[in-house]
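Reader: I have a model open here. Can you walk me through a few of its features?
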Amino acid sequence: MRGSFLWRNRVLLTAGMLLLLSAHLISTGVHPGDLASRPQSIFLEMLRPIDGALARISGGAQSIVNSYLELVHVREDNQRLRAELAKVTNDRARLAELEVENQHLGELVELRDVLGLKGVAANVIGSDAIGLSHTLILSSGTSDGLHAGMAVLSNQGVVGKIIATSPHASRVLLIDDHNSALDGFDQRSRTRGIVAGLVDDGLILKYVDRSQDLRAGDTIVTSGLDGIFPRGLLVGTVKSVHREGPGLFLSIGITPGVDFRSLEQVLVVTQQPPHLEEKTKG
């Protein structure tokens with residue numbers, strides 16, 4: 001029996017019979033309650049868990065595909081939002097800088113109006129890189145009407161004067177450079193002197209007689225007698241007064257009114273200050 005043809009091909013024959021039975025039921029139709037419908041019912045009942053599992057697997061796969069597509073869209077949205085946020089942050093920083101610059105320029109315009117003199121606002125674009133001199137580089141030059149000898153101011157006080165120009169740049173010698181000198185006076189005692197820089201940094205008031213009344217905290221302003229700086233501009237405050245030691249003059253240290261390192265915009269006075277009468281001299 002085990003070696004017969006039917007036994008060897010029992011699986012194939014059984015499958016063929018089931019296929020024939022299924023084809024017959026499909027072609028002839030099976031009515032509910034018929035005897036022939038019972039195998040179909042049993043077969044459907046057997047396939048129900050498998051169909052359910054396949055449906056769940058198919059649903060899960062579709063859900064994974066949908067989640068992946070949503071993740072791709074979310075990633076793209078994140079990249080777009082990051083780019084927009086970076087642009088907004090950059091624009092906000094630029095607007096803040098423009099606001100500060102406009103504020104500085106507005107203050108310089110007010111200073112020019114108070115002086116009643118013509119002037120040009122210029123940006124500070126550099127300084128002495130090697131420290132041999134105390135100078136600044138401006139973004140304006142002869143094409144803007146600037147030339148050597150013009151006074152440079154800020155809303156904090158006196159900055160210096162132009163010593164060299166090119167068509168689109170100028171070099172400014174700061175008042176705390178040892179080659180700088182301007183005529184100034186003590187606003188309280190009216191004592192005049194020469195404001196000059198020191199080689200090892202600092203600012204002093206020179207040639208003030210020992211008998212003069214100067215005190216720490218006094219305000220030093222320009223006298224206007226040098227023909228460069230208008231009268232009454234802040235130079236600084238007296239930091240120290242020493243009467244000891246040899247010599248005819250006081251040793252007076254001054255704290256500059258301007259923080260030279262924080263300058264961003266300055267005002268260049270392009271009109272020579274009016275000549276002062278002798279009676280107005282410090």
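Reader: Where is Leu13 placed?
Author: Leu13 sits in helix H2 (residues 10–28); helices (H or I, at least four residues) and strands (E, at least two) are DSSP runs, numbered from the N terminus. This is a predicted model, where local features need pLDDT of at least 70, side-chain atom pairs count only at pLDDT 80 or more, and totals for chains, interfaces and linings use all residues. Residues are numbered from 1 along each chain as its sequence is written, and side-chain values use heavy atoms, with hydrogens and water left out.

Reader: Is Leu13 buried, partly exposed or exposed?
Author: Partly exposed, at a relative accessible area of 36%. Buried means under 20%, exposed over 50%, partly exposed in between (1.4 Å probe, protein chains only).

Reader: Different topic. Which residue forms a salt bridge with Asp218?
Author: Arg188, with the closest N and O atoms 3.0 Å apart. A salt bridge is a side-chain nitrogen of Lys or Arg within 4 Å of a carboxyl oxygen of Asp or Glu.

Reader: What does that pair tie together?
Author: Asp218 lies in the loop between E8 and E9 and Arg188 in the loop between E6 and E7, so the pair ties together parts that are 30 residues apart in sequence. Salt bridges with shared partners join Arg188, Asp213, Arg215 and Asp218 into one network.

Reader: And Asp218, buried or exposed?
Author: Asp218 is buried, with a relative accessible area of 7%. Arg188 is partly exposed at 38%.

Reader: How many salt bridges does the structure hold?
Author: Eight.
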